[in-house]
Amino acid sequence: MLKSKKPPKRQPALIKEELKYVIYCRKSKEESNDGQKQSLLDQLRTCLDYAQQKNLRVAFHNDLTDNFFRDDSYQRRISECSGSYEQSILERAKGLFYIVEQKSAKTPNNRPMRNKLIELVKKWKINWILSYAPDRHARNLVESGELVQLIDQQYLDVQYTNFTFENNENGRMILWINFVISYNYSDVLSKNIERGKMGVIERGQADGKYKYGYFI
């Protein structure tokens, strides 16, 4: 007979004063030209404002891990922040545990920083994540399902600045539906972009840059 698996060990309830959030910000390269999508620094500022309004404590980086959670292009983006607005955001976030990542969430396991974050969640080192919106976490059903499962098993709880989430049966269902909508939006958008590019080429309106071996 097959032995039933033991349910995961549940973490004891945390005292509200001891809760420390980690901020996760993501923007894919495909969104760079979309004026409706907030930039990484705008997401960070919104999360910092939300934490201040709701009296949420953001963890200091060295309190939870000695690893630096920034993607390869982080220092380049920092060097490009010459305005007082950008510098003020970075100054507010100095020393805090925030993650910035410019990777697409459409494909599972495509984001190294996100994967490291989830590993810390599974080790009970991180229990609370604050983000701008659910679609910053995932636009595919594999990672969406993993996140909802971690929340359901009480490894993790989340908050969003533009989406109200309550960790109960209805809240988790609504969060999952939101992930499915994000996945469908990403899938439809990809097909629309591909169709648009083909239409431009067929109308002879391309900029003349073609891959070697291709012609029309």
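I began with the largest cavity, for which I found a volume of about 80 Å³; a cavity here is a set of points, on a 1 Å grid over the protein atoms alone, where a 1.4 Å probe fits but cannot get out. Grid points are joined across faces, edges and corners, and the volume is the space filled by probe spheres set on the points. I noted that the model is predicted, so local features need pLDDT of at least 70 and side-chain atom pairs count only at pLDDT 80 or more, while totals for chains, interfaces and linings use all residues. Residues are numbered from 1 along each chain as its sequence is written, and side-chain values use heavy atoms, with hydrogens and water left out.

**The cavity.** I counted 1 cavity of 30 Å³ or more in the structure. Which residues line the largest cavity? I listed Arg114, Leu117, Ile118, Ile129, His137, Ala138, Glu143 and Leu147, where a lining residue has an atom within 4 Å of a point. The elements that give two or more residues to this lining are α5 (112–122) and α6 (141–152), and the largest share, 3 residues, comes from α5. Sorted by class, the lining has 5 nonpolar, 1 polar and 2 charged residues; Ala, Val, Leu, Ile, Met, Phe, Trp, Tyr, Cys and Pro count as nonpolar, Asp, Glu, Lys and Arg as charged, and the others, Gly among them, as polar.

**The overall order.** I then went through the elements, which are DSSP runs numbered from the N terminus, with helices (H or I) of at least four residues and strands (E) of at least two. The protein has 7 helices and 4 strands, and from the N terminus on they run β-α-α-α-α-β-α-β-α-β-α. Of the 216 residues in the protein, 39% are buried, where buried means under 20% relative accessible area, exposed over 50% and partly exposed in between, with a 1.4 Å probe and protein chains only.

**Around β3.** I looked next at strand β3 (residues 128–131), from which Trp128 and Leu130 point one way and Ile129 and Ser131 the other, all of them buried. Strand β1 (residues 22–26) pairs with β3 in the parallel sense over 3 bridges, pairing being called when DSSP finds at least two bridges between two strands, and tyrosine 24 stands opposite serine 131. Strand β4 (residues 157–160) also runs parallel to β3, joined to it by 4 bridges, and I found glutamine 159 in β4 as the bridge partner of leucine 130. β3, α6 and β4 make a right-handed β-α-β unit; right-handed means that, with the strands pointing away from the viewer, the path from the first strand over the helix to the second runs clockwise.

**Loops and a helix residue.** Most residues other than glycine have a negative phi. Glutamine 154, found in the loop between α6 and β4, also has a positive phi, of about 65 degrees, and at 40% relative accessibility it counts as partly exposed.

Notes. 1 Å grid on protein atoms, 1.4 Å probe; cavity = no way out; pocket = protein on both sides within 12 Å on 5 of 7 lines; lining within 4 Å.
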